[in-house]
Each structure stands twice: as C-alpha cells, then as structure tokens.
Amino acid sequence: MPRSRAPHRIVVVAPSPVSMFNIAVPEMLFGKVDVDGRPGYEVVICAAEPGPVPTSGGLDLYVRHGLDAVREADTVLVAGTGEPFEPESRIVTAVREAADAGKRIASLCTGAFQLAEAGLLHGRRATTYWAHADELRRRYPHVQLCGDVLYVQDGPYVTSSGYAAGIDLCLHVIRTDYGAAVANDVARRALVAPVRPGGQTQFTQTPLPPERGTACADTRGWAMRNLDKPLTLTDLARHAGVSVRTLTRRFHAESGVSPLQWLLHQRIERAKELLETTALPMDQVAHASGLGTADSLRGHLVRRTGLTPSAYRAQFSRLGTGAARATSSVA
C-alpha cells in the first residue's frame with residue numbers, strides 16, 4: 001500500500017450491542033504504529049446512531065460519529081456484537097457502499113455476519129468465531145467458510161475469528177501496510193505475540209500448557225536464535241529431549257501448527273525484517289533467515305506476499321532510497 005503523509009484512516013463500526021474488546025483492540029494496536037516519526041493510522045469509531053451504544057458487557061459506550069465516517073475511511077473494520085444473527089441494515093448498506101468505493105473491509109468475530117449480509121463474502125473465503133460458524137454457514141451458504149482458522153484474507157476482505165484473533169487480524173493489516181518490522185515492533189510494545197499465520201487453528205481440544213518453562217517453548221526460543229542453521233525435526237526433538245513424534249504432538253498442541261510449518265513461518269518473517277531494515281544482498285538475507293538461496297527466498301516470499309524480494313524491499317524498506325538500492329539484482 002503506498003505510503004502518504006496522511007495517516008491511514010481506520011473506521012471501526014460498532015454494531016449494538018458491541019463487544020468492548022473488539023473496540024479496544026484496533027485502538028490499542030493501530031494507535032501504536034509510528035512511521036518515520038508520524039502516526040501510521042488514525043482510528044475513528046462510528047455507529048448507526050451516534051451517542052450511547054450498548055455493549056455486550058452491559059455498559060454503554062459513547063460514540064460521537066455516525067456512519068458518515070465510513071465514507072472517509074481507507075479501511076472499514078466492523079466489530080463483533082452480542083447479537084450476531086441480526087445484521088443492522090444501515091451498517092450493511094454503509095459497508096456495501098464502502099466496498100463499491102474500493103475500500104478494504106475487515107471484520108472481527110461476528111462482524112462477518114454484517115459483511116455476509118452485504119453480499120461481500122459471496123463465493124469468498126471467510127471466517128468467524130467458531131461457536132457461530134454453523135449459523136453463518138446456514139444463513140450464507142455461498143460463503144466459503146474456513147471455520148477453524150484465526151483470520152482469512154480474500155481480496156480486499158479480511159475476516160477474523162473471535163477474541164484474541166482480532167489481535168492477529170490487526171497485526172496482519174499493519175504488516176500488509178507497513179511491513180513485518182513495524183508489525184513486530186507494535187506486537188512487542190503491546191506485549192502480544194508477533195504476527196501468527198492466519199491458518200493457525202482457533203482452538204485446541206486439550207488445555208494449553210504454559211508458554212514458558214515447557215520443552216517446546218525453550219526449543220522455539222533456541223530455534224529463533226538459530227534460524228540461519230539448517231534445522232531439522234531431529235535437531236528440534238534432540239534439543240527438546242523428546243522423540244520426533246512427541247515433539248510434533250506437543251508442538252501442535254502449543255502453537256497450532258507443526259514444527260516445520262512454524263519454522264518456515266519464522267524464517268519468512270526473519271527474511272522480511274531483514275529486507276525492511278538492512279541493505280543486505282538477497283543471498284545473504286536468504287542465508288541469515290535459513291531459507292538457503294536467493295531463489296528459495298524469492299519463491300517463498302512470492303507465495304506468502306505476492307511480491308518478489310526486490311519489490312518487497314522497495315515497498316517496505318525502512319532505509320533511505322540509496323541504501324535500499326544497494327541490493328542484489330535477484331528479483
């Protein structure tokens with residue numbers, strides 16, 4: 001997304017009764033984005049009726065702006081509500097008009113019902129909170145529902161599942177707009193996990209063990225410090241002191257993905273940060289991130305972002321233009 005001096009405007013639509021968590025997360029995360037000393041986003045909250053808006057927690061949230069604010073949005077983000085099966089007609093109309101104007105549209109949790117009612121998700125992949133997935137599937141059978149993922153982007157439409165997955169969606173948007181280094185900095189400042197892959201599962205069937213003090217947590221930290229090495233499943237299992245089979249089972253229970261899927265995600269994220277924050281040639285970026293060769297780096301980055309390494313660096317580099325040009329010609 002091209003950068004401009006004006007902050008990117010995120011308009012959060014608050015249906016009634018709105019989830020307070022869904023309102024707080026965008027304000028917290030987007031408000032922490034700093035780009036070259038300037039705020040990266042402006043967050044505006046609006047509702048169908050300005051004034052007191054009931055929340056699902058029994059409190060009233062005073063919202064100053066009406067749906068006219070949607071017209072000035074760059075991105076429209078529809079929050080979840082305690083009444084997911086009753087889309088508000090005025091919100092549906094405003095969201096549809098925003099989509100027709102070419103704006104990016106996103107939803108948190110049950111906000112996906114508003115997008116589906118507007119017809120935006122027809123034939124597209126989307127998700128919502130797992131407890132309401134069957135109802136969304138029943139009401140909108142033409143939606144390609146991905147019921148067990150954190151978030152999904154299909155074209156200009158981004159949907160997330162419930163609660164903490166809204167954090168993942170917001171970090172995904174920040175990463176899309178300003179790159180992995182900025183998104184990871186926001187995650188560190190907000191004391192939340194870095195950007196997780198959207199295909200990670202919403203929940204597991206067994207209680208999650210503590211993140212710190214477990215063999216897998218220690219092994220994840222060790223692997224992050226050694227991404228430049230050709231780590232294998234056997235290497236990870238040896239460090240954890242368990243068999244490969246046990247490591248794979250525990251790893252999936254803790255992180256929602258297999259050890260090698262997690263490792264590849266971390267390698268790609270490391271490569272993206274190096275492309276954004278250094279002028280290293282492409283073969284050195286590939287080596288430092290453990291992706292091997294510049295050709296391998298190119299293949300993985302194109303599949304993950306749609307951009308070649310050179311194009312990704314040109315769009316997201318945090319360096320001056322002169323330093324950014326001092327790169328390999330491999331594209």
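Val13 stands opposite Val78 in E7, which makes a handy way into this predicted model. That pair sits where strand E1 (residues 8-13) and E7 run parallel, joined by 4 bridges.

**The sheet around E7**

Put together, 6 strands make an open sheet, ordered E4-E1-E7-E8-E12-E11, and the pairing is mixed. Which strands stand at the edges? They are E4 (41-46) and E11 (151-154); each has a single partner strand, so one side of each lacks a neighbour in the sheet. From one strand to the next, the twist averages 15 degrees.

| Strand pair | Bridges | Sense |
|---|---|---|
| E1 and E7 | 4 bridges | parallel |

Are the faces of E7 covered or open? Both are covered. Thr75 and Leu77 are buried on one side, and Val76 and Val78 are buried on the other.

Helix H1 (residues 20-30) touches E1, E4 and strand E7 (75-78), and its direction makes about 165 degrees with that of E4. Helix H2 (residues 89-100) touches E1, E7, strand E8 (104-107) and strand E12 (157-160); with the direction of E8, the direction of H2 makes about 140 degrees.

**Helix against helix**

Now for two helix pairs. Helix H8 (residues 233-240) packs with helix H9 (residues 244-255) at an angle of about 85 degrees, and their axes are 9 Å apart. That angle is why H8 counts as roughly perpendicular to H9. On the H8 side, the contact is made by Leu233, Thr234, Leu236, Ala237 and Ala240, while H9 brings in Val244, Leu247 and Thr248. By type, these contact residues are 6 nonpolar, 2 polar and no charged.

The other pair is helix H6 (residues 180-190) with helix H10 (residues 259-277), whose axes come within 8 Å and cross at roughly 110 degrees. H6 is therefore roughly perpendicular to H10. What makes the contact between H6 and H10? H6 supplies Ala180, Ala181, Val182 and Asn184, and H10 supplies Glu269, Lys272, Glu273, Glu276 and Thr277. The split by type is 3 nonpolar, 2 polar and 4 charged.

**One side of H13**

In helix H13 (residues 309-316), the buried residues include Pro309, Tyr312, Arg313 and Phe316. They lie on the same side of H13, because they cover an arc of only 100 degrees around the axis.

**The chain overall**

Zooming out, the chain holds 14 helices and 12 strands. How many of its 331 residues count as buried? The share is 48%. As for contacts with a separation of 6 or more, 65% of them come from residues 24 or more positions apart.

Key:
Residues are numbered from 1 along each chain as its sequence is written. This is a predicted model: local features need pLDDT of at least 70, side-chain atom pairs count only at pLDDT 80 or more; totals for chains, interfaces and linings use all residues. Side-chain values use heavy atoms; hydrogens and water are left out. Axes are lines fitted to C-alpha atoms, for helices over the stretch in contact, and angles run from 0 to 180 degrees between N-to-C directions. Angles under 35 degrees count as roughly parallel, over 145 as roughly antiparallel, 65 to 115 as roughly perpendicular and the rest as oblique. Contact means heavy atoms within 4.5 Å. Ala, Val, Leu, Ile, Met, Phe, Trp, Tyr, Cys and Pro count as nonpolar, Asp, Glu, Lys and Arg as charged, and the others, Gly among them, as polar. Two strands pair if DSSP finds at least two bridges between them. Buried means under 20% relative accessible area, exposed over 50%, partly exposed in between (1.4 Å probe, protein chains only). The arc is that of the directions from the helix axis to the C-beta atoms.
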